[in-house]
Amino acid sequence: MFPLYDENPTRTTPYITYGLIGMNVLIFLHELQLSNEQLNQFLQLYAVIPEQLTTNFTGEWTTLFTSQFLHGGWWHLISNMLFLFVFGNNIEDKLGHFKYITYYLICGAFAALCQWFISMNSGIPSLGASGAIFGILGGYIIAFPQSRVVTLIFLGIFVTTVRIPALFLIGLYFIQNLISGFASLQAAANMSVETGGIAYWAHIGGFVAGVVLAPFLGLHRREY
């Protein structure tokens, strides 16, 4: 299922959301211009490398934020930016521009910490905007649980769109990641070789941070 747009009007232009999308795209295009060696050096500097964060937190903590603007491929980038485009504007509208970007970055940093906690000694870079965006999703179900989201659904060879309540759609995404997160822990316990993959615990951590922070920022208030 892929969200296309929500039926939730906004009162302001989401400049920060557009800016975040633009920055992520530009940085990814920069990544594409790098050689393999240059890209590896770039990720060593700006992605979260769990073992480095473990041994030198004071020197590496900034990667909790810079890693949020890096992506590992076109699909990684496009899927993240689609979710940010669909759900970010309403949260920005409700919080205001400054509180919104603060909320976004804090959720993303907490998400990166959660993934780090799961794999403190890993040398595999952890990167992407997914954790911050899951924080936005967490805030969205607090602020707009009954809002309908027009969603593209693939049913075998058939493709259709349906209007799904945000609470159900986002709740389903969270449950899927929760199941996959625990499955990844089991898989890691059974493997002797360290491998990369989807950072499910970053998604889970970002979502939890978004839900927990939402009431403190007034996202639970029904203003309109």
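Contact here means that heavy atoms lie within 4.5 Å. The model is predicted, so that local features need pLDDT of at least 70 and side-chain atom pairs count only at pLDDT 80 or more, while totals for chains, interfaces and linings use all residues. Residues are numbered from 1 along each chain as its sequence is written, and side-chain values use heavy atoms, with hydrogens and water left out.

**Exercise 1.** Determine which residues N177 is in contact with, leaving aside its neighbours within four places in sequence.

*Solution.* Begin with the location: N177 lies in helix α9, residues 166-190, where helices are DSSP runs of H or I with at least four residues, strands are runs of E with at least two, and both are numbered from the N terminus. Next, look at the contacts, which, with neighbours within four places set aside, are F134, Y200, H203 and I204. Finally, N177 has a relative accessible area of 10% and is therefore buried (buried means under 20%, exposed over 50% and partly exposed in between, with a 1.4 Å probe and protein chains only).

**Exercise 2.** Work out how helices α1 and α6 are oriented to each other, and describe the residues of their contact.

*Solution.* Take the geometry to start with: α1 (residues 15-33) and α6 (residues 74-95) pack at an angle of about 170 degrees, with their axes 8 Å apart; the axes are lines fitted to C-alpha atoms over the stretch in contact, and angles run from 0 to 180 degrees between N-to-C directions. The two helices are therefore roughly antiparallel to each other, a term that applies to angles over 145 degrees. Then list the partners: residues of α1 including Y15, Y18, F28 and L32 meet residues of α6, among them W74, M81, F85 and N89. The residues of this contact divide into 14 nonpolar, four polar and one charged.

How values were computed
Angles under 35 degrees count as roughly parallel, over 145 as roughly antiparallel, 65 to 115 as roughly perpendicular and the rest as oblique. Ala, Val, Leu, Ile, Met, Phe, Trp, Tyr, Cys and Pro count as nonpolar, Asp, Glu, Lys and Arg as charged, and the others, Gly among them, as polar.
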